[in-house]
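I opened the model to look up a few items and note them down. The entries follow in the order I made them.

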Amino acid sequence: MNTIEKLFAYLTLFFLMAACSQDDVHRSALLQYDEQIDEIIARMTLEEKVNMLHGKHLFSSAGVERLGIADMKYTDGPFGIREELHSDSWQPLGIENDRATFFPTGSALAATWSPELACEYGKAMAIEARLRGKDMVLGPSINIQRIPTGGRTYEYLSEDPFLSARLSVGYTKGMQDQGVAACLKHYALNNQENNRGRVNVVVGERAMHEIYLPPFRAAVEEADAFGVMSAYNKVNGWWCAENEILLTQILRNDWGFAGMVISDWGGTHSTVESVESGLNVEMPGKKYMGEALLDSVKAGVVSEEVIDRRVREILRVRMAIQPIPEDEANREVASQPAQQKVAYDVAARSIVLLKNDGILPLALDRRPVIAVIGDNATQTMAKGGIGAGVKTPYEVAPLDGLKNKVADRAEIVYARGYQSAPFRFGRRFWNKTAEELEEMRKEQERAALDLKKEALEVAAKADIVLFIGGNNRTVESEGFDRRDIFLPSGQDELVRSIAEVNPNIVTVLVSGAPNDLNVVQPLSKALLLSWFNGSEGGNAMADVLLGNSSPGGRLPFTLPMKLDDSPAYALGNYPQGEQGSDIFANLVAGKKDDSRKADTIKPGNDPNTAIYSEESLVGYRWFDTKNVPVMYPFGYGLTYASFEYSDLTTKKNKFGKNDVISLTFDLENTGNMPADEVVQAYVHRVNPSVEWPYKELKAFSRVTLQPGERKNVSLDIPVKSLMYWNESLQVWAHDPCTLELFVGASAGDIRLKKEVILR
Ligand code: BGC
């Protein structure tokens with residue numbers, strides 16, 4: 001570059017930076033406490049300060065008793081308040097009042113496409129957290145669902161950053177408005193469970209800023225989230241708990257986060273790097289941020305100013321959240337009717353109808369015989385696998401829900417049909433010899449044959465077969481990813497056999513993540529996805545099947561034709577190799593943390609390096625851009641009505657950088673039942689100057705219409721939300737081009753189009 005070119009480049013950079021200058025950085029309400037905090041910090045000893053920077057018990061960190069500053073009490077999250085454990089062991093305390101509402105898990109919440117419901121959800125959970133005496137809920141879980149097999153897909157929201165962001169904001173606001181801090185997790189790029197404690201995510205900056213960070217950013221900037229949990233993995237070479245780029249440059253400097261960062265449990269790996277990079281609390285224990293930190297300050301390796309900064313960030317949250325005295329917690333059962341109603345509302349609105357040949361809603365006027373077949377008809381999903389579950393006072397399983405709602409209007413006969421495989425890390429497998437394991441397998445095979453025989457007999461005599469299958473909480477779990485997405489425990493085979501004796505099959509899948517539907521889809525007259533749907537899941541499912549409510553959920557992820565079509569698989573980026581032991585399982589078992597070993601492994605096809613070479617082409621962005629057919633597209637879902645879209649308009653055709661593109665169109669319910677349509681607006685760039693996915697979701701709304709009702713719907717797309725991350729200049733930048741606006745009912749069903757110009 002010659003001098004003139006250099007000058008020009010600097011000027012461009014200067015103006016771009018000025019455009020996103022200080023004024024744009026979100027100003028947290030937490031800053032109001034800083035003067036008071038100055039006084040407190042001035043009175044604290046170094047020991048008292050360091051004492052706040054690590055776990056006191058498994059789910060708390062210390063305050064300063066001498067100064068009347070209460071401890072911080074944490075609780076899992078994210079889909080119900082976890083039962084009370086002994087303070088320093090993972091054993092349940094065994095009290096009664098810690099029973100909490102089991103809310104539909106993340107993917108179910110996302111399937112409602114309703115930020116308003118997410119707000120109610122956060123609020124309801126906060127009410128229960130207060131009754132339990134907690135200050136901070138470890139949720140929402142908002143990582144992007146990058147791979148269909150991801151163990152925590154059920155807990156995360158969506159494959160799309162915009163949908164995830166809108167829901168994260170709702171959840172966080174609802175929760176914090178009730179005086180409980182939210183803790184956004186797992187920051188960042190914890191998109192797989194296999195080797196989560198070791199894996200180094202190698203990701204380009206554009207994909208990071210445009211796909212993986214937006215849910216976190218939105219919850220910080222728009223909902224003023226008070227807490228963030230750093231993830232177990234590394235991002236671009238640095239553990240998330242000591243990642244200066246993530247914790248300081250992006251989170252605090254760019255987004256204006258003023259609260260506290262706690263490490264995932266056992267996910268801290270250093271003393272100096274962690275505290276200096278922006279970690280406030282090592283959880284649990286004090287391996288790195290206890291004595292070692294104190295010594296580092298005394299030796300002058302870490303300055304006390306850094307310690308003060310970290311203490312200040314914790315104190316801000318402490319001041320914003322009223323502590324609950326010990327003797328006021330757990331006085332009454334946390335789960336109460338008002339919160340249970342929220343669990344029902346979310347469940348009822350989350351169910352996705354994928355196919356309906358007209359068999360639904362079920363007609364009961366002739367008192368049909370309904371054969372309910374499948375293990376998931378009676379299974380509950382509040383607990384299972386590794387990690388947080390909810391000890392709930394009740395959970396309505398699908399069969400019970402159906403019986404509640406049908407009463408004597410049909411004859412319901414149940415057969416289990418298949419048996420879920422036992423948890424592969426469960427106690428049943430410990431210390432078993434190879435012969436014993438083989439014998440167990442044979443026993444299971446014999447049992448499976450008997451169950452199938454019984455199911456076929458029941459199915460043959462029924463008018464309708466309601467097959468209730470899917471995954472469960474031991475198939476989908478924290479700590480490991482699924483090996484494939486096939487329906488487990490021989491369900492495909494079973495449905496094939498049922499179809500031979502009775503073609504009237506309605507299939508309900510109780511799964512939190514995608515399944516391969518190639519067998520059940522064509523054999524079912526109707527197909528629904530009913531999620532891990534909380535305490536009221538069975539009632540919600542029955543109401544939808546019977547037409548008491550119209551299904552209105554939409555897929556928050558793509559259902560691929562086959563697993564290998566999905567981006568990370570198609571590119572050979574996943575799985576990276578053998579799965580090692582899990583960091584959290586090791587922590588609970590008191591085993592030595594072996595994550596440091598990862599440092600010694602060379603890059604290139606090793607199990608501890610995840611290369612995100614699909615870049616921004618995650619989920620539908622990949623299928624669309626690469627023209628890969630799918631089983632059901634992102635955003636898809638039917639109702640018992642039908643909708644017509646017409647007359648898409650915008651007030652003008654050219655938009656500047658500070659404009660908002662307001663688009664309006666007419667929507668009419670042309671069916672004969674009230675129903676909700678989730679209208680979705682995508683943008684497609686016609687002549688861009690940088691690369692983009694074929695289209696991206698930028699606005700949506702869930703609209704309720706009575707039969708024959710017509711409504712003028714408007715959706716807003718701020719032009720700012722169309723910027724891209726310019727990697728060389730390290731700023732958000734505009735890409736002026738012709739933009740095609742798509743409005744439709746899913747990523748695969750665009751009904752209206754209009755071109756506008758971005759200046
Ligand atoms: C999980 C976190 C959870 C923590 C405490 C970890 O294994 O990754 O999501 O909050 O445990 O239970």
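I took buried to mean under 20% relative accessible area, exposed over 50% and partly exposed in between, with a 1.4 Å probe and protein chains only. The model is predicted, so I kept local features only at pLDDT of at least 70 and side-chain atom pairs only at pLDDT 80 or more, while totals for chains, interfaces and linings use all residues. Residues are numbered from 1 along each chain as its sequence is written, and side-chain values use heavy atoms, without hydrogens and water.

Entry one, strands. Strands are DSSP runs (E, at least two residues) and helices are too (H or I, at least four), numbered from the N terminus. I found S24 (residues 696-705) mostly covered, with 8 of its 10 residues buried. S24 pairs with S23 (residues 675-685) in the antiparallel sense over 9 bridges; pairing takes at least two DSSP bridges. Opposite Leu705 in S24 I found Ala675.

Entry two, a helix. The buried residues of H12 include Val306, Ile307, Arg310 and Glu313.

A cavity is a set of points on a 1 Å grid over the protein atoms alone where a 1.4 Å probe fits but cannot get out; lining residues have an atom within 4 Å of a point. Points join across faces, edges and corners, and volume is the space filled by probe spheres set on them. My search of the whole structure gave 9 cavities of 30 Å³ or more. The largest cavity holds about 140 Å³. Its lining has 20 residues, and Asp76, Arg152, Lys185, Asp264 and Glu478 are the closest to its centre.

Notes: On a 1 Å grid over the protein atoms alone, a cavity is a set of points where a 1.4 Å probe fits but cannot get out, and a pocket is an open set with protein on both sides within 12 Å along at least five of seven lines; lining residues have an atom within 4 Å of a point.
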